[in-house]
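Welcome! Please take a moment with the sequence and the 3D view below, and then let us walk through them together.

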Amino acid sequence: MPNDYSHITLLVDMDDTIENLLPAWAEWLNKKHGTSIKADDITGWDVQKFFPSLSRDDVYAPLYEDEFWGTVQPKEDAIRYLSLINDLGFKLYICTNSNYQTIRRKLEYIIDRFFPFISWWNVITICNKQLINADILVDDGVHNLLGGSYKKILMTASHNKDFDAESHDMVRVNNWQEAYDKIIEYADQIMAGKLETVK
């Protein structure tokens with residue numbers, strides 16, 4: 001008999017974890033300002049540093065525009081695997097460190113459009129994700145995984161590709177199939193541990 005995953009709290013980041021924010025962002029800036037920066041060129045967290053000819057306001061302006069969010073697409077297989085995870089009964093929460101001025105756009109253009117099985121009530125906006133009591137976190141932001149008590153799954157992105165995940169008690173995944181497999185593995189381990197404790 002399969003495990004009852006309704007006891008597992010799973011947090012999943014939004015930007016560059018379930019959708020491709022950075023590629024859309026770089027493309028938007030290139031078209032508008034005539035730059036030629038690719039998403040893979042952006043190897044740090046501060047995007048503005050990779051567009052030195054643009055002001056900080058110019059770089060971050062797209063994040064406040066509905067039209068821009070309409071260009072952001074989900075990561076390959078994210079819809080499929082998150083839907084499956086949801087169907088398996090996980091306590092699934094989208095957990096994002098988002099500016100209060102952009103969160104509405106993300107909910108409408110990303111969650112509502114691509115992930116309608118995730119309720120707005122299951123979206124958490126927080127700066128310090130380590131404060132949340134959860135079993136597993138999937139995130140591309142190393143700073144969100146460091147120090148947390150949850151199982152840590154690092155989604156590969158250009159800004160974290162050189163980070164040594166293993167030495168920091170994280171497992172690196174490159175796509176949503178790998179993420180799903182690791183989520184199930186961790187969930188089964190957690191459930192087995194809880195069953196042993198009960199005995």
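Predicted model: local features only at pLDDT ≥ 70, side-chain atom pairs only at ≥ 80, totals over all residues.

In which order do its strands lie? Six strands form an open sheet in the order β3-β2-β1-β4-β5-β6, and their pairing is parallel. At the edges you will find β3 and β6, each of which pairs on one side only. Going from one strand to the next, the twist averages 25 degrees.

Now zoom in on one part of this sheet. Strand β1, residues 9-12, runs parallel to strand β2, residues 91-96, and four bridges join the two. If you look for L11, you will see that its bridge partner in β2 is Y93. Strand β2 is also joined to β3, residues 123-125, by three bridges, and these two strands run parallel as well. Here I94 stands opposite V123 of β3, while T96 has T125 as its bridge partner.

How is the path from β2 to β3 built? Helix α5, residues 103-114, belongs to it: β2, α5 and β3 together make a right-handed β-α-β unit.

Next, turn to helix α4, which spans residues 78-87. Which of its residues are buried? They include A78, Y81, L82 and I85. Looking down the axis of α4, you would see the buried residues fall within an arc of 95 degrees, so they line one face of the helix. R80 and D87, on the other side of α4, are exposed. Just after this helix comes G89, which takes a positive phi of about 95 degrees.

Our last stop is H159, in the loop between β5 (151-155) and β6 (170-173). Is H159 buried or exposed? Its relative accessibility is 18%, and because buried means under 20%, H159 counts as buried. Leaving aside residues up to four places away in sequence, H159 touches L22, I42, T43, G44, W45 and D140. With D140 there is also a polar contact from side chain to side chain, at 2.7 Å. Finally, compare sequence and space: H159 and A39 are 120 residues apart in sequence, and their C-alpha atoms are 9.4 Å apart in space.

Technical notes
Residues numbered from 1 in each chain as written. Heavy atoms only, no water. Pairing = 2+ DSSP bridges. Right-handed = clockwise from strand over helix to strand, strands pointing away. Buried < 20%, exposed > 50% of the residue type's maximum accessible area, 1.4 Å probe, protein only. Arc of directions from axis to C-beta. Contact = heavy atoms within 4.5 Å. Polar contact = N/O pair within 3.5 Å; in protein donor to acceptor, adjacent residues only side chain to side chain. Axes fitted to C-alpha atoms, helices over the stretch in contact; angles between N-to-C directions.
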